[in-house]
Amino acid sequence: MAQSSKENTTTRASLELLYHVSRELAAALDLRTLLRRIMFLSLKAVKGISGSIIVMDEHGVPVDSAIIHAGQVFDETTRQLRVTLEQGLAGWVVRNEKAALVSDTSKDDRWLKRPDDDLDQTGPKSSVSAPLMLRDKLVGVMTLTHPTPGYFTQEHLNLVQALADQAGIAVQNAQLYRESQRKAQVMSALAESAASINATLNLRDVLQRILTQISQALQVEVVSLALIDPRSQELEYRAAIGSTKDKIVGERLKLGQGVAGWVAENGKAAIIPNAHKDPRFFSGVDERLNFSTRAIACAPIRSQGQVIGILEALNPITGNFDSDALLVLTGIGNLAGTAINHAQLFEEVQQAHRRFRDLFEDSIDPIFVTDIEGKIVEANRPAEIMTGFDDKTLANMSIHHFHQVDWKVVGQEFDNLQTGTCMYEATMHSSNGDELPIEVFVRQVNIEGIAHLQWIMRDITQRKQFEKMREDLVSSIYHDLRSPLANVVSGLDMLQTMPQIRADSTMDSIVDIAMRSTDRIQRLTQSLLDTTRLEAGQKIGDALPTSVAELINETVDVVAPHAESKQHELSVSVSENVPSIMVDPDMMKRVLINLTENAIKYTPPGGKITIGAKRKSTEVHIWVEDTGRGIPLEDQHTVFEKFTRVRSGGTGGTRGLGLGLAFCK
């Protein structure tokens with residue numbers, strides 16, 4: 001009866017102890033603090049002197065511990081803990097996942113003998129060890145010792161196992177708390193990094209902020225950032241923080257070279273605890289920078305799914321990278337990719353804007369940008385000078401204030417601008433009342449997705465003055481030549497009627513040549529005057545019913561001597577159904593003569609010239625065809641301008657004023 005009462009008392013005491021231990025353990029969430037509390041409570045419960053508790057991860061690797069000897073807390077290295085788990089009593093408990101009782105450590109092979117176990121030191125002991133289990137999962141091991149052999153009993157072993165079970169739950173709670181704290185810290189670091197990195201669009205500032213966030217989060221000696229050069233496909237270090245920051249910027253690595261090159265090439269992050277033992281490590285950079293790399297954490301920078309660079313952290317101040325280092329580095333790397341891409345795009349836009357502004361302001365021609373209604377949005381400095389208004393005044397004005405838009409050219413609602421640039425001539429009205437002749441080029445442009453109009457207005461005052469001078473010169477030449485030329489023609493007409501001239505074939509031929517030459521001079525001078533009149537919109541000549549065949553035959557009579565002198569074959573091809581046409585016969589003949597003389601002039605000797613006509617529906621088509629070199633495509637749009645001649649080609653030596661085709665047009 002007394003024995004039963006004693007057992008009940010012991011059981012009640014044990015339950016009370018476990019209850020108090022459970023409350024004590026529940027109050028601690030920091031793992032290191034919890035482990036020490038477990039040891040103190042357990043040693044107190046069994047009246048032990050020394051003890052240890054080791055916590056392991058899912059791979060059986062020790063991650064934390066608490067060691068107490070004679071009331072003092074000691075720290076052991078990870079290597080020492082591994083030895084204990086591999087060879088000592090704790091290791092046996094871990095491998096077998098069951099508790100163990102050792103009455104005399106000097107007689108049990110499971111006990112790891114240490115120098116302090118010698119007889120002249122502490123001597124034999126009694127020890128008890130139990131696994132920390134959580135739902136059949138081993139999370140640690142607890143070992144207690146007493147300096148007296150045989151001290152611990154089965155009852156102690158049961159109590160220690162119960163304490164270990166309580167400790168297993170507490171350890172898991174502490175680990176979960178630590179994990180949640182770790183994740184919170186990581187998320188906080190990433191959130192702070194995101195806010196800091198995205199606070200600017202300046203590329204240099206973005207790079208610097210990225211490195212600052214990594215340096216603060218990982219506490220390392222050096223942080224650097226390298227981007228892949230798309231042209232050379234090399235890593236170029238663009239920014240750094242730490243002792244090598246002034247030396248490493250500009251360094252280059254080939255893809256695949258070194259740890260950084262490997263990460264960039266494979267797109268995988270890596271932590272290298274001992275750099276010099278890793279085959280990927282490249283010592284060349286260290287040698288150039290006079291630096292010693294011990295440990296490396298490196299992660300890729302991604303943008304739109306592509307690796308664009310790497311982030312590299314070297315030599316953590318604490319000695320080793322913790323488990324969060326790669327997570328933080330990879331997270332910031334992902335943020336960095338987007339931020340760098342945005343900064344680069346912003347920089348490109350800024351550069352394009354600067355180039356546009358430079359081109360806009362440096363143009364010698366006035367340039368206006370307006371909305372589709374003509375309200376001025378921007379104007380460059382030459383535009384201000386031409387109009388006489390400053391940029392603020394122009395911003396409240398319309399392009400229509402300065403000149404009359406040629407709606408025939410641009411189309412109603414600027415429809416013709418859909419196919420390209422339109423050009424017309426107009427008059428610019430400036431602020432002081434001056435009127436300037438201008439050439440206007442207008443086209444549609446898109447600015448930020450909105451249709452605008454760009455107006456380039458070129459001052460053509462000098463060109464107009466030259467044209468006026470040339471026209472005055474042409475008119476002067478015509479009037480100065482007309483009177484003496486008429487006298488020459490009259491004299492030649494008189495010579496042709498004289499019997500002695502007609503009787504002499506040589507003299508008659510000479511007079512005939514002179515008459516033909518004066519006819520050409522008269523046509524030329526008349527073309528000068530008629531071209532000027534036609535450009536001024538004046539009507540010249542009278543339309544009369546005219547035979548096409550007679551026009552062509554008269555043309556052949558005029559140009560035949562010139563064609564014969566160059567051994568050309570001159571032929572006529574007129575369809576039978578060609579009707580008479582309503583034209584001024586003299587002017588139409590001059591057109592045909594000009595075209596045919598051009599063909600003769602630019603066709604090599606021995607060529608063929610054909611003048612033809614045919615009816616086509618309600619029109620009559622008349623043409624002159626030759627076997628000459630033709631007109632280059634790039635010159636065809638200019639040959640009908642006054643005083644324009646094509647100078648390329650092989651005949652050489654051709655002369656003329658370039659008025660024939662201008663008159664024909």
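## The chain as a whole

Helices, of at least four residues, and strands, of at least two, are DSSP runs numbered from the N terminus. The model described here is predicted. Its chain contains 19 helices and 22 strands.

Of the 665 residues in the chain, 40% count as buried. The accessible surface of the chain amounts to about 37,300 Å², and carbon and sulfur atoms account for 51% of that area. Among contacts between residues at least 6 apart in sequence, 54% join residues at least 24 apart.

An open sheet is formed by 6 strands in the order 9-8-7-12-11-10, with antiparallel pairing. Strand 9 (252–254) and strand 10 (270–272) stand at the edges; each has a single partner strand, so one side of each lacks a neighbour in the sheet. From one strand to the next, the twist averages 25 degrees.

Strand 7 and strand 12 (residues 306–316) run antiparallel and are joined by 7 bridges. Ser-224 stands opposite Glu-312 of strand 12. Helix 8 (residues 258–266) packs on the sheet, and its direction makes about 35 degrees with that of strand 11 (296–303).

## Asp-229

Asp-229 lies in strand 7, which covers residues 220–229. Is this residue buried or exposed? Buried means under 20% relative accessible area; Asp-229 has 10% relative accessibility and therefore counts as buried.

The side chain of Asp-229 reaches the backbone nitrogen of Arg-231 at 2.9 Å. Leaving aside residues up to four places away in sequence, Asp-229 touches Glu-234 and Arg-252.

Key
Residues are numbered from 1 along each chain as its sequence is written. This is a predicted model: local features need pLDDT of at least 70, side-chain atom pairs count only at pLDDT 80 or more; totals for chains, interfaces and linings use all residues. Side-chain values use heavy atoms; hydrogens and water are left out. Buried means under 20% relative accessible area, exposed over 50%, partly exposed in between (1.4 Å probe, protein chains only). A polar contact is a pair of N or O atoms within 3.5 Å; within protein, one must be able to donate a hydrogen and the other to accept it, and residues adjacent in sequence count only if both atoms are side-chain atoms. Contact means heavy atoms within 4.5 Å. Accessible areas come from the Shrake-Rupley method with a 1.4 Å probe; for residues, only the protein chains shown count as cover. Two strands pair if DSSP finds at least two bridges between them. Axes are lines fitted to C-alpha atoms, for helices over the stretch in contact, and angles run from 0 to 180 degrees between N-to-C directions.
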